[in-house]
Protein chains: 2
Amino acid sequence: MKLKEFAKQLGLSPTTVSRALSGYPEVSEKTRKRVAEEAVRLGYRPNINAVRLVTGRAGAIGVVMGRNEFQFSEFMSGMAERLDSEDIDILVSPVADHDMKAELQLYSRLATSGRVDAVIIHSPKPNDERILLLHKLGIPFLVHGRSETNVPHAWLDIDNEGAIRRATSHLLDLGHRRIALINGRDGLTFTLHRDKGYREALEQRGLPFDPRLVTHGQFTDEIGFRSARSFLEQSPRPTAFVAGSMMTALGVYRAVRSVGLVVGKDISVIAHDDVFPYLTADNMVPSLSTSRSSLRAAGARSADLTLQLLTGRPATEIHELWPVELILRESTGPAPEA
Amino acid sequence: MKLKEFAKQLGLSPTTVSRALSGYPEVSEKTRKRVAEEAVRLGYRPNINAVRLVTGRAGAIGVVMGRNEFQFSEFMSGMAERLDSEDIDILVSPVADHDMKAELQLYSRLATSGRVDAVIIHSPKPNDERILLLHKLGIPFLVHGRSETNVPHAWLDIDNEGAIRRATSHLLDLGHRRIALINGRDGLTFTLHRDKGYREALEQRGLPFDPRLVTHGQFTDEIGFRSARSFLEQSPRPTAFVAGSMMTALGVYRAVRSVGLVVGKDISVIAHDDVFPYLTADNMVPSLSTSRSSLRAAGARSADLTLQLLTGRPATEIHELWPVELILRESTGPAPEA
């Protein structure tokens, strides 16, 4: 049965039928339900490409995936949880890590092809070209993270600045004075916010900032290990570490052990935790103190806010900043006597 | 400009133009190139939904993602690497973990909606309902893993049986006699193959199989830790572990340390490694001996084989079994004297 014929039997326009089947709630719940029931009863199976052509809706939200993002699965799982009941797909477009030119071309293609109704972008910079382009292209988008770009845009972010300020302040409260920060990739907003939180905690005590105690890089066990080893060779060495991720923390633990020191006694560690089901801070030895925020929850909420964008909520109203918890466990303790 | 008009200017049929733009290589390279160049020159921007309706091609490969799969990013990154240059999308459909009914409904929807041209399925069972259904639906599919289902199907798998047989044999060569296996989820083909490899290694020496030395479960640090702790309480306790994943191995290392024993001296460990960029066997302390196979390479090859399916290579010809390397590092050593 063709769309036209099916619509005629229901006494509705093909456009209304297509909209009812396309997953976005612009048709009344009653009509959506009736169309769905009649489709089953009459054996009508819509070709989604026809539906999309009629409605101008793709029924998909696009996300761009870099190559080395172990965090990606968690965010996607969260999106999936929210979109499960909506019959809306997630379209994943690959780009090489940090290839901004390729990513920009990709958005242009997505915008003109009608493949997605909206996109979610990650890890923005303060002045992010992607935001300017997406705004120009007129494609609805949500930023996971923040940017200082003038263009109005919807965003969801966690309070990275506050998280690292609190973590650093807590270590200062414990008497630590040389605290090393193993931060994320340079130039990204969340990295800058974390750097800022670190400096603020020092400033609040009138302590000087020592650039030799901060490094930037990807969130891997290897970079965590190398950075921590290099810090531990300094004299005097740091007595505490703030690590950017759980993987970084694994490397820090390893480095501390490798020089015969004990985490939680000689060296305190606080790491940021995105809450992974397969690797938990509670289970590390000693258990790891963390600033904690669920990437999965952020994925679910990002999907939700994107749906709100698509049903007309203005982007300028969609600004969510999530606080980050500080969870103290065994990896943090008083600074050792000098 | 509409498709019809653009095609007319090129002296081609709209179908040929659409095919040339749809990403699959059924139109000659020369024509594809000409169409692409003319599209740029004349400012023709195809609406992908129109192209799809004309060609009957979705320009997307579907994958189903469970909720707790940290390995997923690696496989996807591999697919992405292969599809990057093809202008073919990856459509990710979420399902709750182990909800077979939901997954089957999803494939039915994908098949009738025309959203994807093919799907890739993961972690099959020996008698997998998904394979029967996909075959019935007539949607091209590739199985990542293996099944004993009678229905002909394309697959790519690694030699799980051989990998665990070699790992276990090596531990037996080192004099270990009580070797514990922390395997994957029960009932999946790869888990059964690994169980089989473990038993074969014992049989080859005429050693008895002790079911108390094998557990099954998800690949998490927590399950690795709990299983290893429970094994270490046995008397006599095992002197070696074969762990199903890197996360499992993290838990095993922790458990061994927690009872005051030393990995590589008191207890040997070999784990299966999918080759993650953020957590490497070389970097563990002691460095971890592994059976190694790249999930990223499997993702890239799976995408490639799926494209071959779509250009007419028979599913019955697409059967690839990859050998698994055994990489010996510091976590394995001679069995301690009894």
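Q: Is the crossing of α5(B) and α12(B) left-handed or right-handed?

A: A crossing is left-handed if the near helix is turned anticlockwise from the far one by less than a right angle, and right-handed if clockwise. The crossing of α5(B) and α12(B) is right-handed. This is a predicted model, in which local features need pLDDT of at least 70 and side-chain atom pairs pLDDT 80 or more, whereas totals for chains, interfaces and linings use all residues. Residues are numbered from 1 along each chain as written, chains are lettered from A and ligands numbered from 1 in written order, and side-chain values use heavy atoms, without hydrogens or water.

Q: At what angle do the axes of α5(B) and α12(B) cross?

A: Helix α5 (residues 72-83) and helix α12 (residues 295-310), both of chain B, cross at roughly 45°, and their axes come within 6 Å. (Helices are DSSP runs of H or I, at least four residues; strands are E, at least two. Axes are fitted to C-alpha atoms over the stretch in contact, with angles from 0 to 180 degrees between N-to-C directions.) That angle makes α5(B) oblique to α12(B), the class left after under 35 degrees (roughly parallel), over 145 (roughly antiparallel) and 65 to 115 (roughly perpendicular).

Q: Which residues of α5(B) and α12(B) meet?

A: With contact taken as heavy atoms within 4.5 Å, the α5(B) side includes F75(B), M79(B) and R82(B), and the α12(B) side includes A300(B), D304(B) and L307(B). The contact has eight nonpolar, four polar and five charged residues. (Ala, Val, Leu, Ile, Met, Phe, Trp, Tyr, Cys and Pro count as nonpolar, Asp, Glu, Lys and Arg as charged, the others, Gly among them, as polar.)

Q: How do α1(A) and α3(A) pack?

A: In chain A, helix α1 (residues 3-10) and helix α3 (residues 29-42) pack at about 115°, with axes 11 Å apart. They are therefore roughly perpendicular, and their crossing is right-handed. F6(A), Q9(A) and L10(A) in α1(A) meet R34(A), V35(A), E38(A), A39(A) and L42(A) in α3(A). These residues divide into five nonpolar, one polar and two charged.

Q: Where in chain A is a peptide bond cis, or phi positive?

A: Most residues other than glycine have a negative phi, and most peptide bonds are trans. The bond from S235(A) to P236(A) is cis, with omega near 0°; P236(A) lies in the loop between α10 (221-232) and β8 (240-243). Another cis bond joins V285(A) and P286(A), with omega about -5°, and P286(A) sits in the loop between β9 (268-273) and β10 (289-292). S123(A), not a glycine, has a positive phi of about 45°; S123(A) is in the loop between β3 (118-122) and α7 (129-137).
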